[in-house]
Amino acid sequence: MSHDTFTDCLGFPVPELALPYWNRADEVKAVLRQLSKLKGWAAELHERKDPLYVEVNLSFIRVELGNIYQNLKGALPFAVCTDCQGQQPENCELCRGRGVISQFRWEHALPPEDRDTRQGQIKKLQQATLENKTMSPSCPSYATIAE
Ligand SMILES: [Zn+2]
């Protein structure tokens, strides 16, 4: 029996140790959706100037909900850890036990050469697997969450 290899948002295979975290993206996305709804609710109330909420700083609430949203996105896996490759997450400073990192960490917490190295690895893998399509893209797409 063959099973597909799950790949991260960049096309790199997610190793066994990181899969439990990779597979929990829906849990985070569910909370993000709730936050998004709340943000919309606050924005609408702010627009409507509903007297019930005159003592409430709705624009503050809207901004804070946005901050919470951005912060929580850090729990959404984006790429396999570039330091431990998802192989030894327990002692890894970058992924701190998850084997995966967020998009924010991928974009802002890595030296550029680490991103280049990973992109190179992915290119090689893609060439090797071009014939037998065993890769399943399983990126917990950010596009499905309305901010
Ligand atoms: Zn790591």
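**Reading the α2/α3 helix pair**

Me: In this predicted model, how do the axes of α2 and α3 lie relative to each other?

Reply: Look at the approach and the angle together. The axes of helix α2 (residues 25-48) and helix α3 (residues 58-72) come within 9 Å and cross at roughly 165 degrees. Angles over 145 degrees count as roughly antiparallel, so α2 is roughly antiparallel to α3. The crossing is left-handed.

Me: Which residues of α2 and α3 meet?

Reply: From α2, the contact includes Val28, Leu32, Leu35, Lys39, Ala42 and His46. Partners in α3 include Leu58, Ile61, Arg62, Leu65 and Tyr69. By class, the contact has 14 nonpolar, 4 polar and 2 charged residues.

Me: Which residues of α2 are buried, and what do they pack against?

Reply: Burial is read from neighbour counts: 20 or more other C-beta atoms within 10 Å. In α2, Leu32, Leu35, Lys39 and Ala42 are buried. The buried residues of α2 pack against α3.

Me: Why does Leu38 count as partly exposed?

Reply: Leu38 lies in helix α2. It has 15 C-beta neighbours inside 10 Å, so it counts as partly exposed. Leu38 and Arg62 are 24 residues apart in sequence, yet 8.1 Å apart in space, C-alpha to C-alpha.

Me: How far does α2 reach from its first C-alpha to its last?

Reply: Compare the span with the expected one. The 24 residues of α2 reach 35 Å, close to the 34 Å expected at 1.5 Å a residue.

Definitions and conventions:
Residues numbered from 1 in each chain as written. Predicted model: local features only at pLDDT ≥ 70, side-chain atom pairs only at ≥ 80, totals over all residues. Axes fitted to C-alpha atoms, helices over the stretch in contact; angles between N-to-C directions. Helix = DSSP H or I, 4+ residues; strand = E, 2+ residues; numbered from the N terminus. Parallel < 35°, antiparallel > 145°, perpendicular 65-115°, else oblique. Left-handed = near helix turned anticlockwise from the far one by under 90°. Contact = placed C-beta atoms within 7 Å. Nonpolar A, V, L, I, M, F, W, Y, C, P; charged D, E, K, R; others polar. Expected span 1.5 Å × (residues − 1). Buried ≥ 20, exposed ≤ 12 C-beta atoms within 10 Å, placed from the backbone.
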